[in-house]
Amino acid sequence: NQLGGMEAIEFAKELIASGIKHLLANTDCNLQFVCHSGNHGRITKKIHWGTENQNSLEWLMYRSLAYMFKDDPRVTFVIPEGDMSYIQVYGMTVRMIHGHQVKFGGGIGGITIPMRKAISQWDRVQKADLTLFGHFHQRIDGGNFIGNGSLIGYNAYAQAMKCEYETPAQQFFLISNRNGGEKTVVAPVWID
């Protein structure tokens with residue numbers, strides 16, 4: 001709420017680019033970034049599923065970042081045309097979404113039941129071993145899915161929505177090459 005949409009995207013782009021440059025300068029790792037549009041950077045009130053990316057400030061930022069690093073062979077951006085992407089990690093299929101595709105009405109079991117139903121339907125089209133999402137600002141390890149936390153934590157909006165309190169954190173997890181890809185550690189990275 002402190003910056004307008006364009007200012008916020010420019011600020012976020014500068015922070016992300018700085019982090020990428022730091023990793024490139026201090027490691028010999030190859031970096032792959034999977035980038036999905038969400039609801040925060042949407043410039044329309046309503047979701048336009050067929051042109052969601054073209055109505056997203058986030059998509060524009062991702063494209064700009066990809067252009068900034070286009071000549072570095074160690075950096076790859078995956079910016080899907082649709083609202084889902086799939087990557088292979090040690091033979092494990094990982095599905096990534098923003099999460100706004102799943103509707104949650106605050107029922108018993110939280111996001112767990114709606115997410116399991118959605119994954120079951122998506123798996124009929126293309127199976128994934130693990131699904132990753134953010135949108136709900138809730139850290140959760142559901143076995144075959146992981147929900148990311150929120151950098152901003154509990155705020156006026158969370159209070160108005162009657163959300164449970166959650167300390168600012170991001171979800172950290174590892175995938176081992178064991179058994180052709182296996183989720184091992186899932187832990188919060190506290191932001192306080």
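Buried means under 20% relative accessible area, exposed means over 50%, and partly exposed lies in between. The exercises below use a predicted model.

**Exercise 1. Classify Glu-10 and Lys-13 as buried, partly exposed or exposed, and state how their side chains meet.**

Solution. 
Step 1. Glu-10 has a relative accessibility of 36% and therefore counts as partly exposed.
Step 2. Lys-13 has a relative accessibility of 17%, so this residue counts as buried.
Step 3. The two side chains, Glu-10 and Lys-13, form a salt bridge with an N to O distance of 3.6 Å. The cut-off for such a bridge is 4 Å.
Step 4. Both residues lie in helix α1 (residues 5–26); because they are three residues apart there, about one helical turn separates them.

**Exercise 2. Find which parts of the chain the salt bridge between Arg-95 and Asp-123 links.**

Solution. 
Step 1. The side chains of Arg-95 and Asp-123 meet at 2.7 Å, N to O, in a salt bridge.
Step 2. Arg-95 sits in strand β4 (residues 92–97), while Asp-123 sits in helix α3 (residues 112–125). The pair is 28 residues apart and links distant parts of the chain.
Step 3. Arg-95 has a relative accessible area of 0%, so Arg-95 is buried.
Step 4. A network of salt bridges links Arg-95, Asp-123 and Lys-127.

**Exercise 3. Locate the two residues of the salt bridge between Lys-183 and Asp-141, and classify Asp-141.**

Solution. 
Step 1. The N to O distance in the salt bridge between the side chains of Lys-183 and Asp-141 is 2.5 Å.
Step 2. Lys-183 belongs to strand β9 (residues 182–190) and Asp-141 to strand β6 (residues 140–141). These distant parts of the chain are linked by a pair 42 residues apart.
Step 3. Asp-141 is partly exposed, because its relative accessible area is 41%.
Step 4. In total, the structure holds six salt bridges.

**Exercise 4. Describe how strands β8 and β9 are arranged.**

Solution. 
Step 1. Strand β8 (residues 169–176) and β9 run antiparallel and are joined by seven bridges.
Step 2. Five residues lie between β8 and β9, which form a hairpin. In the turn, Asn-179 has a positive phi of about 55°.

**Exercise 5. Give the strand order of the five-stranded open sheet and name its edge strands.**

Solution. 
Step 1. The order is β3-β4-β5-β7-β6, and the pairing is mixed.
Step 2. β3 (84–89) and β6 are the edge strands, since each pairs on one side only.
Step 3. Inside this order, strand β5 (residues 130–133) and strand β7 (residues 145–147) pair in the parallel sense over three bridges. Phe-133 stands opposite Gly-147 in β7.

**Exercise 6. Identify the elements that build the largest nonpolar core, and list the contacts of Phe-77.**

Solution. 
Step 1. The largest nonpolar core has 15 residues; among those that touch the most other members are Ile-20, Leu-65, Phe-69 and Phe-77.
Step 2. Two or more residues come from each of α1, α2 (57–68) and β2 (75–78). The largest share, five residues, is from α2.
Step 3. Neighbours within four places in sequence are left aside for Phe-77. Its contacts are then Ile-20, Phe-33, Cys-35, Tyr-62, Leu-65, Ala-66 and Phe-69.
Step 4. A second, separate core has eleven residues, including Met-115, Ala-118, Trp-122 and Phe-136.

Conventions:
Residues numbered from 1 in each chain as written. Predicted model: local features only at pLDDT ≥ 70, side-chain atom pairs only at ≥ 80, totals over all residues. Heavy atoms only, no water. Helix = DSSP H or I, 4+ residues; strand = E, 2+ residues; numbered from the N terminus. Buried < 20%, exposed > 50% of the residue type's maximum accessible area, 1.4 Å probe, protein only. Pairing = 2+ DSSP bridges. Core = buried A, V, L, I, M, F, W, Y, C linked by side-chain atoms within 4.5 Å. Contact = heavy atoms within 4.5 Å.
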